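Keep the viewer open as you read.

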Amino acid sequence: MSNYHVKTLEEYFQVYRKSVRNPELFWEEIAEEHFVWRKKWNNVLSYDFTKPEVKWFEGAKLNITENCIDRHLQIRGDKTAILFEPNNPDEEAEHISYKELHKRVCKFANVLKENGIKKGDRVCVYLPMIPELAISVLACARIGAVHSVVFAGFSSTALSTRINDCEAKMVITSDGSYRGAKTIDLKGIVDEALESCECIDTVLVAKRIDSEINMKEGRDKWLQPLLDKASENCDPEIMDAEDPLFILYTSGSTGSPKGMLHTTAGYMIYTAYTFKNVFNYKENDVYWCTADIGWITGHSYIVYGPLANGATTVMFEGVPSYPDFGRFWEIVEKHKVNQFYTAPTAIRSLAKEKLDFVDQYDLSSLKVLGTVGEPINEEAWHWYNDNVGNKKSPIVDTWWQTETGGMMISPMPYITPTKPTYATLPLPGVQLALMDENGEEIKGNQVDGRLCVKYPWPSMARTIWGNHQRYKDTYFSAFENKYFTGDGALRDEVGYYRITGRVDDVIIVSGHNLGTAPIEDAINEHPAVAESAIVGFPHDVKGNALYGYVILKDVGESRNHDNLRKEINQIITEHIGPIAKLNKIQFTVGLPKTRSGKIMRRILRKIAHNELDNLGDVSTLLNPEVVQSIIDNRL
Ligand code: WTA
């Protein structure tokens, strides 16, 4: 598959200008290349940001798995599609060729059909990073079912909320998972979740850890015997360009998680082209993204983008610290990885360990390094550049979101000069705007503002499942005729972008989006808690960590505070998952509030950041006296 035909920075600017002058022509030319269309489109784009409604390639018919698998069978059938590296380094890696992948996806797709799954049905996938995860996602896409992958670190409550929201008919899970030296009882979590889900008819269970689990009669089925019996042939369901491909939940600043809906043709083209260009992927390269398929990064850049390019994509089941902190680099050496894509949190945690963990491995295969999910600080950038890239592999700092489906701002390796902490330039086809608080676009360079996108791109989410109004309110109401990202950004003197962080109540912890509201709701369920507020504060490994301010009811006052802290974190773990645990919990007599009763998080944030000099005017608060008491007792 070819690329944007860009080899120099000058050419990038030419292509970029072309993509702005005539976006439809730009994307149409890309769609014309190499993809398999059962029928071509009648219209490249129609959109109206006031509704908002966006349609790409209307009239086209296709199946994304035909593009990701079947298309490659003749020319690269024996090439490894998925290279599975198990948690335990003594267990052998599995090389799944395109032919083998085709067979396994078809079999799985037939199992889905035999269990009543039809086009448009939602299937919840709750699996560890084993091949069945990628295969089940592709099997859904094969038959037009809508997959909704839930990260297997989420709790049973988080799982049931997501299952109920999209009314899934089936859950695909495993008997358990390995995580470093630990095992996790995934099936037990599913059983608990399903106690509050009416919509699930079938649970398919993959065997991974050989543990004793409960199988509920009539509902739960072992996957392998069904696969063994299933046919290897399964014609792809022919989908419309705008048919739903998947739902993936992401946290919002308020309320329940948002089921972002992505559709077929635009998502396919966009992830394929960004993958190819941002990683400079060449035919025999081995590419590795360390994310989990439970997040958008895994959807777009472990599964769809790489496979649409006929790439070899590594899937790693384990963690960077097991059996020791050299694991990532051991894998790079072992599989001669050429492109390596990870999160700043992982880099920061490895940078704390002895350099010997890196230096003992041969990393000379690496050509491009990537980061995603949160801002990368200067120190981590240099550590990555010096010790992993040996100063010769460009670092692509890719900015994007679950909502954008694919990368939006990123250097192109060997073309865009990199600059630490900067995601640099928008990719061709991406039209950005920085907005001020009055809703005016800020032109020129050396400015900062709220980051918006002012023209549609093919892989944007089309709606929030079941709640289009919320989609409109969240993304298209802050600024007229623009998609608002929720991030702040600055544009430097040459036009490079640097993401400065969220401007709403979403906090990015270890690269994971966490909304404050659901965590506060969980805390407030503790019988001793009257009220709570969460803010983020800087953390040297996680980027941000969570600081909770908690008001206790009378019954809590006499309790041991350390025990209460443990109980509160336990409740959070049960409701959301361990990723949302609080690092600091301060018990307080009150929270600063406006006269209308709104918590002034800005003040709490400053106190948690230890920025006490510029708290701003607190005299207009309902309860200004409470601020001093919070300062005096801060942790
Ligand atoms: C943040 C992950 C700085 C940002 C693909 C965004 C980043 C949110 C970067 C989306 C980056 C992502 N530099 N910040 N390179 N990439 N972010 O939905 O705040 O899990 O809005 O998608 O992560 O997180 P999400």
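Which helices and strands do the buried residues of H20 pack against? The model is a predicted one, and in it those residues pack against helix H17 (516-524), strand S28 (529-539), strand S29 (543-552) and helix H21 (625-632).

Helix H20 covers residues 601-608, and six of its eight residues are buried, so the helix is largely enclosed by the rest of the structure. The buried ones are Arg-601, Ile-603, Leu-604, Lys-606, Ile-607 and Ala-608. After H20 comes Asn-610, which has a positive phi, near 60 degrees.

**The chain as a whole**

Zooming out, the protein chain holds 21 helices and 30 strands. A compact globule of 635 residues would have a radius of gyration near 26 Å, and the chain has 24 Å, which agrees. Along the principal axes, its C-alpha atoms fill a box of roughly 75 × 65 × 55 Å. Buried residues account for 60% of the 635. If you take contacts between residues at least 6 apart in sequence, 71% of them join residues at least 24 apart.

Is Ser-148 buried or exposed? This serine, found in strand S7 (residues 146-149), is buried because its relative accessible area, 1%, falls under the 20% cut-off. Beyond its neighbours within four places in sequence, Ser-148 is in contact with Val-123, Cys-124, Val-125, Cys-166, Ile-247 and Tyr-249.

Ser-97 sits in strand S5 (residues 94-97) and is also buried, with a relative accessible area of 15%. Leaving out residues up to four places away in sequence, Ser-97 touches Gly-77, Asp-78, Lys-79, Thr-80 and Ala-81. Arg-76 lies 21 residues from Ser-97 in sequence, and their C-alpha atoms are 8.5 Å apart.

**Cavities and a pocket**

How many cavities of 30 Å³ or more does a search of the whole structure find? The search finds two, compared here.

| Cavity | Volume | Lining by class |
|---|---|---|
| Largest cavity | about 40 Å³ | six nonpolar, three polar, no charged residues |
| Second largest cavity | about 30 Å³ | six nonpolar, no polar, two charged residues |

The largest cavity is lined by Asn-63, Ile-64, Ala-141, Gly-144, Ala-145, Met-239, Pro-244, Leu-245 and Thr-264. Around the second largest cavity are Phe-325, Trp-329, Leu-350, Glu-353, Lys-354, Phe-357, Val-358 and Trp-383.

Of its 19 lining residues, Tyr-16, Pro-426, Leu-432, Arg-491 and Tyr-497 lie nearest the centre. Helix H1 (residues 9-21) gives the largest share of this lining, five residues. By class, the pocket lining divides into 10 nonpolar, four polar and five charged residues.

Key: Residues numbered from 1 in each chain as written. Predicted model: local features only at pLDDT ≥ 70, side-chain atom pairs only at ≥ 80, totals over all residues. Heavy atoms only, no water. 1 Å grid on protein atoms, 1.4 Å probe; cavity = no way out; pocket = protein on both sides within 12 Å on 5 of 7 lines; lining within 4 Å. Helix = DSSP H or I, 4+ residues; strand = E, 2+ residues; numbered from the N terminus. Nonpolar A, V, L, I, M, F, W, Y, C, P; charged D, E, K, R; others polar. Rg over C-alpha atoms; globule rule 2.2 N^0.38 Å. Buried < 20%, exposed > 50% of the residue type's maximum accessible area, 1.4 Å probe, protein only. Contact = heavy atoms within 4.5 Å. Points joined across faces, edges and corners; volume = space filled by probe spheres on them.
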